[in-house]
Amino acid sequence: MKNLDLMKTIKRFQADELLEYYVYIKIARFVKDKNDRDILLKIAGEEQKHYGIWKQYTKCDVKPNMLVVYWYVILARILGYTFIIKKMENSVIEFKEVFSGKLENELTEKIPDLKIILQDETEHENELIDMIDEEKLRYAGSMVLGLNDALVEFTGSLAGWTFAMQSNRLISLAGLITGIAATMSMASSEYLSVKNDDGKNALKSSLYTGAAYLVTVVILILPYILLPDKGYLAALLIMLAAVILIIAAFNYYISVARSISFKKKFLEMSLISLSVAAASFVIGLLVKRFLGLDI
């Protein structure tokens, strides 16, 4: 690696260390769990120490992108700090990939502190994994339940109604009634299930399940509400595109926060939801044709 390229790489990691320092400090301010907050502050201090080590070689100060810092903090409030912590861990993985093998041996001669930083970063990962006990992730199972049921059941219902009714107004009406009723049913079922299991946090579990179901229902039914009455085919296509986007977004969140395969979960949920939609689509067409129902 040329000295110029090496210096650019070091400056980038120097800026990353300072960026992570600011993110950890700002997130720690609103983390309620004392243990998690203490760990965040400890790691922030070590990131600042690493910044100082890099500075010894660059001989200059670098500034992080504060817009990225504030963006991460906003996402941490919305999606949970675990998600952002895991996302920042990706930079650690990149760090290890850059400084590995023969290149690591070569650079260690030029940067004696390299092994110290690598060891600290490894310890960071272990501490971060141990600290994950955030409410948003504890109830991820409930959210998955609500999301899966809404995607499978409601996607199938809307696809079937599209050809059975052929009217966005009627589909919207049926969808709203069914969606609200199904939301209450799902939330009640989750409450009773958790209550009969261990009885802990049954209400919160039911609220997370119901919220995930209701939000999904609203997103899927919007095309039918907003488009003209006879634009049901366009509404169907937009709804199916929304299904894919919801599945992709949620699985990305879970894959980052829980370090699991995005591709496998995404393909599994997409296949199930779209298969049910296709089957319901055909059922709706057959019902309209062979039963002579004309709404």
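User: Where is Gln166 found?

Analyst: In this predicted model, Gln166 is found in the loop between helix H8 (140-165) and H9.

User: And what is phi of Gln166 near?

Analyst: Phi of Gln166 is near 55°, a positive value in a residue other than glycine. The residue is partly exposed, its relative accessible area being 21%.

User: What about Lys59, what is its phi near?

Analyst: For Lys59, phi is near 60°, again a positive value in a residue other than glycine. Lys59 has its place in the loop between helix H2 (34-58) and helix H3 (66-79). With 70% relative accessibility, Lys59 counts as exposed.

User: Stepping back, how many helices and strands does the protein have?

Analyst: The secondary structure comprises twelve helices and zero strands. Read from the N terminus, the order of elements is α-α-α-α-α-α-α-α-α-α-α-α.

User: What share of the residues counts as buried?

Analyst: Of the 295 residues in the protein, 45% count as buried. The accessible surface is about 15800 Å², and 63% of that surface belongs to carbon and sulfur atoms.

User: How much of the contact set comes from residues 24 or more positions apart?

Analyst: Among contacts with a separation of 6 or more, 74% are between residues 24 or more positions apart. One example is Val276 with Val152: 124 residues separate the two in sequence, while their C-alpha atoms are 6.4 Å apart in space.

User: Where does Val276 lie, and what is it in contact with?

Analyst: Val276 lies in helix H12 (residues 262-290). Apart from its neighbours within four places in sequence, Val276 is in contact with Val152 and Gly156. Val276 is partly exposed, at a relative accessible area of 27%.

User: Take Ile27. What is it in contact with, leaving aside neighbours within four places?

Analyst: Ile27 is in contact with Leu40, Ala76, Tyr81 and Ile84.

User: Which residues make the nonpolar surface patch?

Analyst: The patch is made by Leu176, Ile180, Met184, Leu214, Val218, Leu222, Ile225 and Leu226, and its area is about 730 Å². Helix H9 (168-197) and helix H10 (202-226) each supply at least two of its residues. H10 gives the most, with five residues.

User: Is Leu226 buried or exposed?

Analyst: Leu226 is exposed, because its relative accessible area is 65% and exposed means over 50%. Its place is in helix H10.

User: Aromatics next. How many aromatic pairs does a search of the whole structure find?

Analyst: The search finds one aromatic pair. Tyr21 and Tyr22 form it in an edge-to-face arrangement, with 5.3 Å centre to centre and 65° between the planes.

User: Which of the terms buried, partly exposed or exposed applies to Tyr21 and to Tyr22?

Analyst: Tyr21 is buried, with a relative accessible area of 17%, whereas Tyr22 is partly exposed at 29%.

User: Last topic: how many salt bridges are there?

Analyst: The count comes to three salt bridges. Asp38 and Lys34 form one of them, at 2.8 Å from N to O. Both residues lie in helix H2, four residues apart, about one turn of the helix. Asp38 is partly exposed at 36% relative accessible area, and Lys34 counts as exposed at 54%.

User: Which side chain meets that of Lys55 in a salt bridge?

Analyst: The side chain of Asp61 does, with an N to O distance of 2.9 Å. Lys55 is partly exposed, with a relative accessible area of 33%, while Asp61 is exposed at 54%.

User: And what is the N to O distance for Arg169 and Asp229?

Analyst: Their side chains meet in a salt bridge at 3.5 Å, N to O. Arg169 lies in helix H9 and Asp229 in the loop between H10 and H11, so the pair ties together parts that are 60 residues apart in sequence. Arg169 counts as exposed, with 64% relative accessibility.

Methods. Residues are numbered from 1 along each chain as its sequence is written. This is a predicted model: local features need pLDDT of at least 70, side-chain atom pairs count only at pLDDT 80 or more; totals for chains, interfaces and linings use all residues. Side-chain values use heavy atoms; hydrogens and water are left out. Buried means under 20% relative accessible area, exposed over 50%, partly exposed in between (1.4 Å probe, protein chains only). Contact means heavy atoms within 4.5 Å. Accessible areas come from the Shrake-Rupley method with a 1.4 Å probe; for residues, only the protein chains shown count as cover. Patches are made of residues with over 30% relative accessible area and no salt bridge: like charges are joined within 9 Å, nonpolar side chains (Val, Leu, Ile, Met, Phe, Trp, Tyr) within 5 Å. A salt bridge is a side-chain nitrogen of Lys or Arg within 4 Å of a carboxyl oxygen of Asp or Glu. Rings of Phe, Tyr and Trp (its six-membered ring) pair if their centres lie within 6.5 Å; planes under 30 degrees apart count as stacked, over 60 as edge-to-face and the rest as tilted.
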